[in-house]
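Hi everyone, thanks for coming. Let's bring up today's structure and walk through it together.

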Amino acid sequence: VNAVFGHPAHISGRLLDAPAIRKVSFTGSVAIGQQLAERAARTLKRCTLELGGHAPVIVFADSDVERAVRDLIPAKFRNAGQVCASPTRFYVERSAYPRFVEAFTAAAGSLKVGDGMEKDTFVGPLAHSRRLTAMQTLVEDACTRGARATTGGAQLPRPGYFFAPTVLVDVPAAARILQQEPFGPVAPVAPFDTAEEAVAAANRLEYGLAAYLYTNDLTRAHEVSARLEAGMVGVNHTGVSMPETPFGGVKASGYGSESGLEGLLGYTDVKLVSFSR
């Protein structure tokens with residue numbers, strides 16, 4: 001393994017043009033993934049592209065709402081929400097909506113933000129000052145359109161790139177945070193009335209990395225998970241990333257898999273040897 005540091009365009013250009021390189025694996029933005037795939041195609045290099053996501057969560061009223069909150073809070077706010085497969089858009093059946101919002105808000109508001117070297121810190125800083133601006137812009141846009149913050153909603157008054165864990169409720173579909181991957185500690189929540197409505201909302205974006213649903217109805221779990229346009233679906237849990245299982249998305253979230261047998265096969269060639277006597 002060699003780690004090469006320097007000007008990204010120069011390094012990637014040399015590597016992508018080199019005949020010794022036969023496979024490209026990239027994790028990053030859709031725009032850069034498109035550029036790398038185009039450049040790799042010149043020499044017919046295969047690619048595995050993991051290009052981020054905007055993972056929907058569907059919570060049905062028949063689920064254990066408190067358990068769902070216990071699962072979703074750490075999954076959403078780990079690494080300050082800067083995780084590609086993080087549960088990001090929360091759609092909750094209307095009859096369970098008040099209970100979910102109350103529990104989710106209380107849990108998010110109790111998370112300690114600070115130095116990651118301290119044992120009781122749960123949420124650390126964002127990667128760059130630009131992310132602070134992006135979070136504030138998304139929150140303000142949502143609130144202008146009728147959403148409200150039940151906790152958080154602003155940068156914390158301390159040195160560093162810290163943004164308070166934020167829960168936005170009653171977020172309309174037109175809000176920018178339901179279009180763009182926030183990649184930060186802001187959770188938009190909206191109610192739904194039917195499974196068809198929830199699935200349509202989950203599938204309406206070009207992203208398709210991960211999706212999650214919570215229900216105690218096994219038939220519904222099979223039906224909804226089959227209809228979700230995502231490379232990975234977690235039913236009643238958020239642990240979709242394991243060494244032994246394929247990790248990858250569909251649509252604008254890329255193609256190919258990391259991890260699992262599927263990830264290993266991406267680095268092999270299929271060869272048929274046929275004998276006759």
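Let me start with a question: at roughly what angle do the axes of helix H3 and helix H4 cross? Keep in mind that what you see is a predicted model. The answer is roughly 40°, and the axes of H3, residues 65-77, and H4, residues 97-109, come within 10 Å.

Who makes the contact? From H3 we have Val 65, Glu 66, Val 69, Leu 72, Ile 73 and Phe 77, and H4 answers with Arg 99, Phe 100, Ala 103, Phe 104, Ala 107 and Ala 108. Sorted by class, that contact has ten nonpolar residues, two charged ones and no polar ones.

Now, on to the open space. The largest pocket has a volume of about 380 Å³. If you'd like to select its lining on your screens, take Pro 8, Ser 12, Leu 15, Leu 16, Ile 21, Lys 23, Val 24, Ser 25, Phe 26 and Leu 36. Helix H1, residues 8-17, and strand S1, residues 23-27, each give at least two residues to that lining.

The largest cavity has a volume of about 70 Å³, and 16 residues line it. Nearest its centre are Pro 56, Tyr 207, Gly 208, Ala 210 and Glu 229. Two or more lining residues come from each of strand S3 (55-59), helix H6 (195-203) and strand S8 (210-214). Nine residues of the lining are nonpolar, four are polar and three are charged.

The second largest cavity holds about 40 Å³ of space. Around it you'll find Lys 76, Gly 81, Val 83, Ser 86, Thr 88, Glu 181, Pro 182, Phe 183 and Gly 184. That lining has three nonpolar, four polar and two charged residues.

Key: Residues numbered from 1 in each chain as written. Predicted model: local features only at pLDDT ≥ 70, side-chain atom pairs only at ≥ 80, totals over all residues. Heavy atoms only, no water. 1 Å grid on protein atoms, 1.4 Å probe; cavity = no way out; pocket = protein on both sides within 12 Å on 5 of 7 lines; lining within 4 Å. Points joined across faces, edges and corners; volume = space filled by probe spheres on them. Helix = DSSP H or I, 4+ residues; strand = E, 2+ residues; numbered from the N terminus. Axes fitted to C-alpha atoms, helices over the stretch in contact; angles between N-to-C directions. Contact = heavy atoms within 4.5 Å. Nonpolar A, V, L, I, M, F, W, Y, C, P; charged D, E, K, R; others polar.
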